[in-house]
Amino acid sequence: MDIRPLDETLSISPQIAPEDLPAVAAQGFRSVISNRPDGEETGQPGAAELQQAAEAVGLVFAHLPVVGSAISDKDVADFHRLLVDLPKPVFGFCRTGTRTTTLWALAKCGDESPDHLIRCARSAGYDLDALRPRLEGGS
C-alpha cells in the first residue's frame with residue numbers, strides 16, 4: 001500500500017484491497033473514502049466488500065464514486081462535506097490516487113491558494129498543473 005499525505009487530515013492511495021484495511025486502521029486512520037465507481041475495472045473490489053472490511057476494523061466508510069474526467073461541482077461539495085463530517089484522519093483512494101487528490105484540491109481551493117494545493121499534490125506525486133484554471137476560479 002502506497003499511502004501519501006496531502007494535509008493533516010487526508011492521505012491518499014491508489015486502489016486498495018479489503019485485506020489492506022487492517023493496516024489502514026493500524027496507522028491511525030478513522031475513516032475511508034472510496035472515489036472509485038464499482039465495476040470501473042475487472043477484478044477491482046466493490047464498495048460493499050470494502051465497506052464491510054473497513055467497518056470490521058472500526059473504520060467509517062464513505063463511497064463517493066466519481067469519473068475523473070467529469071468531476072462536477074456537486075462531487076466537490078459532497079467530498080468537502082465528507083472531509084468536514086468524517087472522523088479524522090481520513091484515508092482516501094481511487095484507481096491511482098489522482099481523482100481523490102483532484103477532489104481534495106477543488107474542495108480546499110476556497111481556503112488555500114492554488115500554488116499551495118498544487119505544491120502539496122506534487123509532493124505526494126500528483127501533477128495538478130492542468131487543474132490550475134479551475135482552482136483559480138474557486139470551484
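Colleague: Is Arg 132 buried, exposed or partly exposed?

Modeller: Partly exposed, at 25% relative accessibility. Bear in mind that this is a predicted model.

Colleague: Which residue does the Arg 132 side chain meet in a salt bridge?

Modeller: Asp 115, with an N to O distance of 2.8 Å. The pair links distant parts of the chain. Asp 115 sits in helix α5 and Arg 132 in helix α6, 17 residues apart.

Colleague: And how accessible is Asp 115?

Modeller: Asp 115 has a relative accessible area of 42%, so it counts as partly exposed.

Colleague: How many salt bridges are there in the whole structure?

Modeller: A search finds 11. Side chains of opposite charge can pair when their charged atoms come close.

Colleague: Let's move to α3. Which side chain meets Lys 74 in a salt bridge?

Modeller: That of Asp 78, at 2.7 Å from N to O. Both residues are in helix α3, four residues apart, so about one helical turn separates them.

Colleague: What about Asp 78 and Arg 81?

Modeller: Their side chains also meet in a salt bridge, at 3.3 Å from N to O. Asp 78 and Arg 81 are three residues apart in helix α3, so again about one helical turn lies between them.

Colleague: Which of these count as buried or exposed?

Modeller: Asp 78 is buried, with a relative accessible area of 17%. Lys 74 is exposed, at 57%. Arg 81 is partly exposed, at 43%.

Colleague: Now α3 against α4. At what angle do the axes cross?

Modeller: At roughly 85 degrees, and the axes come within 9 Å. The two helices are therefore roughly perpendicular to each other.

Colleague: Which residues meet there?

Modeller: From α3, Asp 75, Val 76, Phe 79, His 80 and Leu 83. From α4, Thr 100, Leu 103, Trp 104, Leu 106 and Ala 107. The residues of this contact divide into seven nonpolar, two polar and one charged.

Colleague: How many residues of α4 are buried?

Modeller: 10 of its 11 residues, so α4 is largely enclosed by the rest of the structure. The buried ones include Arg 99, Trp 104 and Lys 108.

Colleague: What covers them?

Modeller: The cover includes β2 (10-13), α3 (73-85), β5 (90-93), α5 (114-123) and α6 (132-137).

Colleague: Pick a residue in α4. Where is Thr 101?

Modeller: Thr 101 is in helix α4, which spans residues 98-108. Its relative accessibility is 0%, so Thr 101 counts as buried.

Colleague: Which residues is Thr 101 in contact with, leaving aside neighbours within four places in sequence?

Modeller: Leu 6, Ile 12, Ala 121, Tyr 126 and Leu 128.

Colleague: And Thr 102, buried or exposed?

Modeller: Buried, at 13% relative accessibility, where the cut-off for buried is under 20%. Thr 102 is found in helix α4 too.

Colleague: What does Thr 102 touch, not counting residues up to four places away in sequence?

Modeller: Ile 71, Leu 128 and Leu 131.

Colleague: How many residues apart are Thr 102 and Glu 8?

Modeller: They are 94 residues apart in sequence. In space, Thr 102 and Glu 8 are 17 Å apart, C-alpha to C-alpha.

Colleague: Back to salt bridges. Which residues are linked in a network?

Modeller: Arg 36, Glu 40, Glu 41 and Arg 99. Arg 99 is one of the buried residues of α4.

Colleague: Where is Arg 36?

Modeller: In the loop between β3 (31-34) and α2 (47-56). Arg 36 is buried, with a relative accessible area of 2%.

Colleague: What does its side chain make with that of Glu 41?

Modeller: The Arg 36 side chain makes a polar contact with the Glu 41 side chain, at 3.5 Å.

Colleague: What else is Arg 36 in contact with?

Modeller: Leaving aside neighbours within four places in sequence, its contacts include Gln 15, Gln 44, His 63, Pro 65 and Phe 93. Cys 94, Arg 95 and Arg 99 are also among them.

Colleague: Last topic: the peptide bond from Lys 88 to Pro 89. Is it cis or trans?

Modeller: Cis, with omega near 0 degrees. Pro 89 lies in the loop between α3 and β5.

Key
Residues are numbered from 1 along each chain as its sequence is written. This is a predicted model: local features need pLDDT of at least 70, side-chain atom pairs count only at pLDDT 80 or more; totals for chains, interfaces and linings use all residues. Side-chain values use heavy atoms; hydrogens and water are left out. Buried means under 20% relative accessible area, exposed over 50%, partly exposed in between (1.4 Å probe, protein chains only). Contact means heavy atoms within 4.5 Å. Axes are lines fitted to C-alpha atoms, for helices over the stretch in contact, and angles run from 0 to 180 degrees between N-to-C directions. Angles under 35 degrees count as roughly parallel, over 145 as roughly antiparallel, 65 to 115 as roughly perpendicular and the rest as oblique. Ala, Val, Leu, Ile, Met, Phe, Trp, Tyr, Cys and Pro count as nonpolar, Asp, Glu, Lys and Arg as charged, and the others, Gly among them, as polar. A salt bridge is a side-chain nitrogen of Lys or Arg within 4 Å of a carboxyl oxygen of Asp or Glu. A polar contact is a pair of N or O atoms within 3.5 Å; within protein, one must be able to donate a hydrogen and the other to accept it, and residues adjacent in sequence count only if both atoms are side-chain atoms.
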